[in-house]
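I opened my notebook to look up two topics today.

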Amino acid sequence: MMLQSDFDPPVGIAEDLGDGIRRILAPNPSPMTFRGTNTYLLGESGLAVIDPGPADEAHLSAILGAVKPSQRITHILVTHAHLDHSPLAARLAEETGARVHAYGGAQDGRSAVMKRLAASGLGDGGEGIDHGFRPDIRLADGESVEGAGWRITALWTPGHLGNHLCFQSRDAIFSGDLVMGWASSLVSPPDGDLTDFMASCQRLKSVGAQIFHSGHGAPIEDPLARLDWLIAHRRSREAAILKELRSGPATAQALADRIYSDTPTSLMPAATRNVLAHLIDLMGQNLAAPIDPLSSRARFSTV
């Protein structure tokens with residue numbers, strides 16, 4: 001089993017992962033993307049490309065260069081509309097004639113409470129929303145797509161983003177950014193919803209896949225253990241937030257400053273959005289409530 005810290009494949013090279021799956025690493029490493037975005041090619045003749053990645057001409061050339069003379073790209077599938085996953089889909093479609101499949105645009109799939117937050121003026125948290133993304137074909141939850149020798153079922157798994165899909169192919173799941181091995185998933189309102197995230201993790205536990213191929217990092221070879229860890233990690237954050245709230249009302253930023261005391265300053269905005277996501281989830285559990293009108297600056301108290 002590869003450690004996530006050892007994951008450092010060459011950029012732009014199609015690596016064979018077995019079962020008709022190849023992976024190409026995009027040249028976009030960062031603190032939020034680890035080594036870069038994983039683009040997957042599935043199939044032996046007619047290929048599906050999963051998460052074409054960022055708008056990068058070198059990566060486009062790497063994807064097209066991985067197509068053998070006996071192959072062609074017939075389908076393009078996108079897990080979600082973040083700038084490190086979806087922008088290259090349109091260019092790849094132009095080059096190949098394949099159509100782009102996804103749940104919907106960047107704002108599709110938002111929960112009611114997140115729509116309220118967005119309407120109140122809360123914008124995205126700087127995580128890079130691809131606002132212009134529009135698929136050619138919208139995939140409903142449970143809908144399948146077939147190609148030469150492969151079949152993929154779309155699983156609507158909101159949480160990291162409202163339009164997030166995971167794709168199941170036999171005993172493998174392409175888990176996008178919902179489940180990664182190198183880090184926990186960012187959940188940033190109004191685009192991310194922690195209540196949805198927890199439900200999506202629970203759903204994936206029931207699917208019975210043997211391996212997850214995520215948007216960033218090495219394959220996850222024990223998916224159930226990773227899902228259990230993600231759920232437990234979120235529950236521990238929830239407990240820390242409730243403990244602080246028992247000392248008195250506080251905003252998401254004030255709570256983040258206390259709980260993430262060792263976090264670099266550059267990552268504190270993301271930490272604050274994460275706390276806000278927890279506070280909204282605690283509202284749904286009737287464990288916390290806003291004293292002020294619901295917004296990113298609202299003070300919350302325990303119920």
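Entry 1, strand partners. I looked up what stands opposite Leu 25 and found Asn 38 in β3. This is a predicted model, so I note computed values only. Next I checked how β2 and β3 (residues 38–42) run: they pair in the antiparallel sense, over five bridges.

Entry 2, the other neighbor. I turned to β1, which covers residues 15–18. β1 also pairs with β2 in the antiparallel sense, here over three bridges. I picked Asp 16 and looked for its bridge partner in β2, which is Arg 22. Then I followed the chain from β1 to β2 and found a hairpin with two residues between the strands. Asp 19 sits in that turn and has a positive phi of about 55°.

I then sorted the residues by face. Ile 21, Arg 23 and Leu 25 lie on one side, and Arg 22 and Ile 24 lie on the other. Both faces are covered.

How many disulfides does the structure hold? I found zero. A disulfide needs the two sulfur atoms within 2.5 Å. Cys 201 is likewise in no disulfide, with the sulfur of Cys 166 as its nearest. Last, I checked burial. Cys 166 is buried at 0% relative accessibility. Cys 201 is buried too, with a relative accessible area of 0%.

Terms used
Residues are numbered from 1 along each chain as its sequence is written. This is a predicted model: local features need pLDDT of at least 70, side-chain atom pairs count only at pLDDT 80 or more; totals for chains, interfaces and linings use all residues. Side-chain values use heavy atoms; hydrogens and water are left out. Buried means under 20% relative accessible area, exposed over 50%, partly exposed in between (1.4 Å probe, protein chains only). Helices (H or I, at least four residues) and strands (E, at least two) are DSSP runs, numbered from the N terminus. Two strands pair if DSSP finds at least two bridges between them.
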